[in-house]
Each structure stands twice: as C-alpha cells, then as structure tokens.
Amino acid sequence: MDTINIEIRRAERNFWAVLATIALSLLFAAACNAQTPAEWKSLKGDINLFVANDLGRNGYYDQKPIAKLMGEMAEEIGPEAVIATGDVHHFDGVASVNDPLWMTNYELIYSHPELMISWLPILGNHEYRGNTQAVLDYAKVSRRWQIENRYYTKVFTDEKAGVSLRIVFLDTTPLIEGYRHSSRYPDAGKQDNEAQLQWLDATLKAAKEEWIVVVGHHPIYAETKKDIAEQNDMQRLLLPILHKYNNVSMYVCGHIHNFQHIRKNGDSIDYVVNSAGALSRKVKPADGTLFCSPSTGFSIVSATKQHLSLYMIDNKGVAIHQVCK
C-alpha cells in the first residue's frame, strides 16, 4: 500500500509539473510576439551560450538570415561560446581542413564580430560521411573552432554569481548500429563505444557543478520519421548512465530539424531538440511533448545560481519557448 501511495504522489507531482510548464510556455509565448534588443537582453543569465546545428547549406535557405540574427542577439546577450551540435557540413562532410566548405558553410556565414568566440562542435552523421579527422584538425586552423576530441567536457563558471555549468559533449553517430554497419559512414564502426560510455560515466560521477547539460547530435526522444532504431540505441546505451547520478538537467540535440521539448513521466531530465539553423521540417506532438515547432532557428542556454533556462529562438528572433529548471 505504501508503494502505491508513493507512486500516486509521484504521478501527481509530475502532472502538476507538466501543467505548470505548459502554462509557463503559453504565457511566455504570448509575451514574446514582438521582441526588441532590450527584451533579448532579458534572456541573459550569468552564463550564456548559443546552441546551433544542422547548419551547412552554403548560406542558402535560412542559414544567412539566422547567422545574422545570431550575431545581432549576441550583441545584447554576450554568449561565451556557441555549442555546435553537429551537421555543420551537409551533405558529405569535408574532405580536408582545406575543403572550400569551411568557407561557404562556416567562416563566411558566421562572420559577425560577436560570433568570433569559441565554437564547441561535435560530429554529426553528415560529418561522418566525410573525413572526421579533418573536423578535429580544423581546430589547428581556426582559433574559434575548439573541438577537443570526438567527446569531451567543458565547464563554465561565474565566480561572482557563484554558479557553474558543465557541458558534456558526446559523439553519438557511433552509438547507433545503423551507422556502424553502413559504408556511407566509414569511421563510425571504428570508434570504441565502451570507452566513450565509461568516460561519460566517470565524468558525470565526478561532476559537482550546479547544472549539467549533455549534448549530442542524435535524440534520445523525439517525434520523427527517421528510423526509430536510432532512438532505441540511444536509449539503451545512454539512459542508464544519464540517470545514474541524478545530476543531468537537460539532454540537448539536433538532427531532427525542428524544435521539440519532451519530458517523460517520472524522468527528471528535459529532452530538447534544437532546430536547424538553415532548413527545417514539420513536427507534431508525441508522447511527452510539451512544445514543438517547425521553425528554423537556434537556442540560448542561460544559467544563474537559481535557474537553468533554454530559450528556443525562431527565425524572427522570437523566444517561442522556455525550458526552465
């Protein structure tokens, strides 16, 4: 009987948490129909980061306008870095550090002075179609392209505010069996999954920061027409570790080309899909969906001692949804 009562109380808490999040989202969206630079500044925390992915379209579609918007918003928010969660290069990655795609997909597009900051990338599935080592080696060419490894971690701290934020960067393509056995992704099957998972476990076990966000290219949960086996592999390998130490606030990814915020019943982690920065796809609610949108755009991660927020920014510069811890 005690076990049943505990489960009932837990279900009630989850219900009210979800209801409060939906209400907050509706109020937030209503207040953000037209935003000014002064209102952009209100999104700022003590630690601020941009999240962008699925970018590389040689400037076409929404890539150039969103790059311009990122620069304009950076003038008001002052991000410390851009988290690039994969697929900076469509469609077949890059051939070398001298590939012209570095110019047409990246350098000449994200040229605003306020975007001359650290870019912290991970490999997406499209990078795995090309020379993945060249993506790592480009850190020796561009001072802002600061990929440390195929997976790595970075801590941001504001000592005055007394807040710290750890970002854990994963290499998700090799975690998915479909890529490991495909000749289109020649490096995927060469990676040591067990080594990465052991590193993730040790990293989360030792983490003492107020906030921890894990990022990868592929979703753990998302509404998509892509093969559900991708999510099954991600859930099987990652969820036991992400839940193990009860310290992960959000899992943030790209790959699906739309905005999604999913919260599963009984799960303390918010699962966020950041939309494409160039070309997006349609989306509909699924199990656990609190918000979704087919807009292109990017996201802002904002941390204070009290709150961790992720703001989804559409292609008009409107904060259309807030994920708040």
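This is a predicted model: local features need pLDDT of at least 70, side-chain atom pairs count only at pLDDT 80 or more; totals for chains, interfaces and linings use all residues.
Biologist: How many salt bridges does the structure hold?
Modeller: There are 12 salt bridges, where the term means a side-chain nitrogen of Lys or Arg within 4 Å of a carboxyl oxygen of Asp or Glu.

Biologist: Which residue does Lys-325 pair with?
Modeller: Lys-325 forms a salt bridge with Asp-270, and their closest N and O atoms are 2.6 Å apart. Lys-325 sits in the segment after β13 (319–324) and Asp-270 in strand β9, so the pair ties together parts that are 55 residues apart in sequence; strands (E, at least two residues) and helices (H or I, at least four) are DSSP runs, numbered from the N terminus. Salt bridges that share partners also join Arg-263, Asp-270 and Lys-325 into one network.

Biologist: And is Asp-270 buried or exposed?
Modeller: Asp-270 counts as buried because its relative accessibility is 0%, whereas Lys-325, at 27%, counts as partly exposed. Buried means under 20% relative accessible area, exposed over 50% and partly exposed in between, with a 1.4 Å probe and protein chains only.

Biologist: Switching to Asp-87, where is it?
Modeller: Asp-87 lies in the loop between β2 (81–84) and α4 (101–107).

Biologist: What is the nearest side chain of opposite charge to it?
Modeller: That is Lys-226, 7.1 Å away, and Asp-87 is buried yet has no salt bridge; for charge, Lys and Arg count as positive and Asp and Glu as negative, with His and the chain ends not counted.

Biologist: Which backbone nitrogen lies 2.9 Å from a polar atom of the Asp-87 side chain?
Modeller: The backbone nitrogen of His-126 does. Residues that Asp-87 touches, not counting those up to four places away in sequence, include Gly-124, Asn-125, His-126 and His-217, contact being heavy atoms within 4.5 Å.

Biologist: Last one, which residues form the nonpolar patch on the surface?
Modeller: Tyr-60, Tyr-61 and Leu-279 form it, with about 360 Å² of accessible area together. Leu-279 is placed in the loop between β9 (270–273) and β10 (289–293). Patch members have over 30% relative accessible area and no salt bridge, with like charges joined within 9 Å and nonpolar side chains (Val, Leu, Ile, Met, Phe, Trp, Tyr) within 5 Å; accessible areas come from the Shrake-Rupley method with a 1.4 Å probe, and for residues only the protein chains shown count as cover.

Technical notes: Residues are numbered from 1 along each chain as its sequence is written. Side-chain values use heavy atoms; hydrogens and water are left out. A polar contact is a pair of N or O atoms within 3.5 Å; within protein, one must be able to donate a hydrogen and the other to accept it, and residues adjacent in sequence count only if both atoms are side-chain atoms.
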